[in-house]
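Okay, everyone, let's get the model up on the screen. I'll walk through a few local features, and you can follow along in the viewer.

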Amino acid sequence: MHRRLFPRTLALVALVALVSTAGAPGATAEAPAPAVTRLNATIDAILADSRLAGAQASVVVVDTSTGETLYDRNGDRRLVPASNTKLLTSTAAMALLGPGHRFTTDVTTNGKRAGGLLSGNLYLRGGGDPTMLAADYDALAAQIAAKGVRVVAGNLVADDTRYDRTRLGPDWTWDDEPYYYAAQISALTVAPDTDYDAGTVIVHAAPGKAAGDRPVITTTPPTGYLRIDNRAETVTDGETSVSFEREHGGNTIVVTGQIAVGDEPASDWVTVWEPTGYATDVFRAALHRHGVRVLGRTVLGQPTPGGATPVARHDSMPLAELLVPFLKLSNNGHAEVLTKEIGRVLAGSGTWSAGLTEISEYVAGAGMDTGTLRQRDGSGLSRRNLVPAGEFVDLLAAVRAEPWFDTWYAALPIAGEAERFVGGTLRSRMRGTVAAGNVHAKTGSLTGVSSLSGYATDADGRLLAFSVVLNNYLASTVKPLEDQIAIALAGYGEQGASAARVAPPAAPDAPRAPEGVECSWVKPIAC
């Protein structure tokens, strides 16, 4: 595919044009403008921090209006990007599926009605919707009951065949499996919350009535799909310390530790083994609540027969709205569903390989040199993903011309904005600085990997695209260094030269996050 000429490839032309016209004050063909010199010195000093001793850093900054490269340190070096991978997935999804794309979950039947009796099977068909809540399955059941159905003589069949049956992403580590950020991917699933952590259940442990009692375990949503092995204990006093661990290969959740009498319940998000069965269990319970009795078994993974009669339907929010929880909260499951959905819609195959092929073709057309990078999943959880910072910047500059850019740009986390669906994973970062409310960027975190790529509006009103990818450091966090770079960019310019020279105070180091986890403000994880 022909590669378009984008900002970094046009940098030399742009620089010549700037020098020959009104360019930055004080710039010549041999010497950059004073502001560029100051910016380079500032970023160089930040990257000389001892926390990056022995580490690798790839940093590129481009003025998107001119194509001028303002800073480039190892811009062509392939590094692990973590969740910055979602920049490729999300832009491709907007371009290939469209902002109005919705996921449909429907219920059909191959049986005939005789009064309140439905003679055949009921088919629950998943369309990949990662935002399906227990309330949505309840609404489907209510639609069926409203049609007068009281007894289903056949089976309840779960159709998850829109996507393949590969539940876990390539290269994901086995010890991540119980955690919410590595949930299994199915075309038929359920989320326990409006963060839309599909394929997970929230497990709660409340203290018993007296010391020595087992804690009271409940789940959100309520489901009989799980088995609870409650080994925890209620104590008179002491610090509450309860752990929830799903055993590999099944849905037994082992609860250990202690909780003090009178304490608030302890909770955690746990992934479910085989989300198709989980969703179908929730739906079957909803049917029961609405007075619809299914006489047959629950059957998983069979396709809906041709000519089946529609009974109920639920359409998701459009992709333009889904972008907000997806990007603000860095939801891995959303990235993987979108990857498979892209494969299904464009290539007729709901697989990672088909989706990634389509994503690669899109980003190549948007100016990325796909010969210099590797994408193995949609979310960035794989450590075999490799993307140079310079390629991220080419993509960031190119998508400014897309008709959906404003929607996508607004969905990126925004520095220092306290509202969680505005600030997202940047909500507690860069507060009280020139970057607050200014920098829109995607965060990324794995153990020894940190990244921040997006946009900063400088002191002269220019939109700068930047990418910072840091690998192989031993410090507990290097995010304060990313923040210092972003703040320097927000203060960059002839009018803001003094701001660009001022290094912000370093944020305190935070405890190391588990593998693959973004900074969180709800789930009990420190980043």
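So, Pro-221 sits in the loop between strand S10 (216-220) and strand S11 (227-230). When I say helix or strand, I'm using DSSP runs numbered from the N terminus: H or I of at least four residues for helices, E of at least two for strands.

Quick housekeeping. This is a predicted model, so local features need pLDDT of at least 70 and side-chain atom pairs count only at pLDDT 80 or more, while totals for chains, interfaces and linings use all residues. Residues are numbered from 1 along each chain as its sequence is written, and side-chain values use heavy atoms, with hydrogens and water left out.

Tyr-196 is in the loop between strand S8 (156-159) and strand S9 (200-206). Is Tyr-196 buried or exposed? At 14% relative accessibility, Tyr-196 counts as buried; the cut-offs are under 20% relative accessible area for buried, over 50% for exposed and partly exposed in between, with a 1.4 Å probe and protein chains only.

Ser-330 is another one: not a glycine, yet its phi is positive, about 50 degrees. Find Ser-330 in the loop between helix H6 (319-328) and helix H7 (332-347). With 6% relative accessibility, Ser-330 counts as buried too.

Now over to strand S21, residues 463-471. Why do I call S21 largely enclosed by the rest of the structure? Because nine of its nine residues are buried. In a regular strand, side chains alternate between the two faces of the sheet. In S21 both faces are covered: Leu-463, Ala-465, Ser-467, Val-469 and Asn-471 are buried on one side, and Leu-464, Phe-466, Val-468 and Leu-470 on the other.

As for its partners, we call two strands paired if DSSP finds at least two bridges between them. Strand S1 (residues 56-63) runs antiparallel to S21 over eight bridges, with Val-60 opposite Ser-467. Strand S20 (residues 449-457) is also antiparallel to S21, over nine bridges, and there Tyr-455 has Ala-465 as its bridge partner. S20 and S21 make a hairpin with five residues between them, and Gly-461 in the turn has a positive phi of about 85 degrees.

There's also an open sheet of four strands, in the order S4-S5-S7-S16, with mixed pairing. Its edge strands are S4 (113-114) and S16 (293-294), each pairing on one side only. Strand S7 (residues 151-152) and S16 pair in the parallel sense over two bridges, and Val-152 stands opposite Val-294.

Last topic, the rings. Phe, Tyr and Trp rings (six-membered ring for Trp) pair if their centres lie within 6.5 Å; planes under 30 degrees apart are stacked, over 60 edge-to-face, and the rest tilted. That rule gives ten aromatic pairs. One of them is Tyr-180 with Tyr-181, edge-to-face at 5.7 Å centre to centre and 85 degrees between the planes. Tyr-180 is buried at 15% relative accessibility, and Tyr-181 is buried at 5%.

Trp-404 and Trp-408 have ring centres 6.5 Å apart and planes at 75 degrees, so that pair is edge-to-face as well. Both tryptophans, Trp-404 and Trp-408, are buried.
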